[in-house]
Amino acid sequence: MGCDGGTIPKRHELVKGPKKVEKVDKDAELVAQWNYCTLSQEILRRPIVACELGRLYNKDAVIEFLLDKSAEKALGKAASHIKSIKNVTELKLSDNPAWEGDKGNTKGDKHDDLQRARFICPVVGLEMNGRHRFCFLRCCGCVFSERALKEIKAEVCHTCGAAFQEDDVIVLNGTKEDVDVLKARMEERRLRAKLEKKTKKPKAAESVSKPDVSEEAPGPSKVKTGKPEETSLDSREKKNNLAPKSTATNESSSGKAGKPLCGATKRSIADSEESEAYKSLFTTHSSAKRSKEESAHWVTHTSYCF
């Protein structure tokens, strides 16, 4: 059973002690957080978005996750708080001019400096590699270091000039305490949005119902309520006032009727002083009239008889 040939076993080989806790390499963890997507574990490529908890994603991966939320995806738990594309903000990142990427390592024989970051702070110039704390604004999506916020205190974005508040500042890849604070803000923000929607709905319903009421019964709303005697007197006075006007209008109309109109009186052509050739063109002329002998019976009448 072994231990032959003069071998002397040691204690740690025979006795099993407690397992040592595996320590995570900090450098590898920073590289994974700042260079890879939280959902797809692929390299971050533009357009890059960030959630309300400060995690980085590829926008394509977020859209695919929202379209296909299957339980088989283990990484879906990291984005369970993302309910729609409105819950993420597209980031406006500043490129690092010192970062070469894969251009200088075409043969694969060059050492890649993982601490060299792709993006930098546009205000201070710090690299976004996890060594320094970075944040972004929800209102505009601009990204800069936390040092820039502390050194240059302003209520306006340093890059685009958009106004922001303290709730709009979200730390990227923060600690557990930062994540807890951001989660509480996120829940408060969503509750506030729900309450605003509920208050807007009854207001919209009232605005729609008011014009309907006015259109349905415009008459009764304008009628003045009062004593029946007063209303009867008012109606009599109105009739008396309208009476002279009606007589005047009748007189004017009768006066107009007395004048001969252009088509009021008819005159026969036979009585006119026109020539006989002109009168023969009309059916009222004697030549156009037929006698009873010439006129056909209604049974035998055809168009070919004449």
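Leucine 67 sits in helix 3, which covers residues 59–67; helices here are DSSP runs of H or I with at least four residues, strands are E runs of at least two, and both are numbered from the N terminus. Leucine 67 is exposed, with a relative accessible area of 73%, where exposed means over 50%, buried under 20% and partly exposed in between (1.4 Å probe, protein chains only). Together with Ile63 and Ile85, Leu67 forms a nonpolar surface patch with about 290 Å² of accessible area. Such patches take residues with over 30% relative accessible area and no salt bridge, joining nonpolar side chains (Val, Leu, Ile, Met, Phe, Trp, Tyr) within 5 Å and like charges within 9 Å. A salt bridge would be a side-chain nitrogen of Lys or Arg within 4 Å of a carboxyl oxygen of Asp or Glu.

Before going further, please keep in mind that this is a predicted model, in which local features need pLDDT of at least 70, side-chain atom pairs count only at pLDDT 80 or more, and totals for chains, interfaces and linings use all residues. Residues are numbered from 1 along each chain as its sequence is written, and side-chain values use heavy atoms, with hydrogens and water left out.

Let us turn to tryptophan 34. With phenylalanine 134, tryptophan 34 makes an edge-to-face aromatic pair, 6.4 Å centre to centre with 70° between the planes. Rings of Phe, Tyr and Trp (its six-membered ring) pair if their centres lie within 6.5 Å; planes under 30 degrees apart are stacked, over 60 edge-to-face, and the rest tilted. Because tryptophan 34 lies in helix 2 (residues 26–35) and phenylalanine 134 in strand 6, the pair ties together parts 100 residues apart in sequence. Tryptophan 34 and phenylalanine 134 are both buried.

Glycine 130 belongs to the loop between strand 5 (119–120) and strand 6 (134–137). Leaving aside residues up to four places away in sequence, glycine 130 touches Leu30 and Trp34, a contact being heavy atoms within 4.5 Å. Glycine 130 is partly exposed, at 22% relative accessibility.

Where pLDDT is low, the predicted coordinates should not be read in detail.

Technical notes: Areas by Shrake-Rupley, 256 points an atom, 1.4 Å probe, with all protein chains shown as cover.
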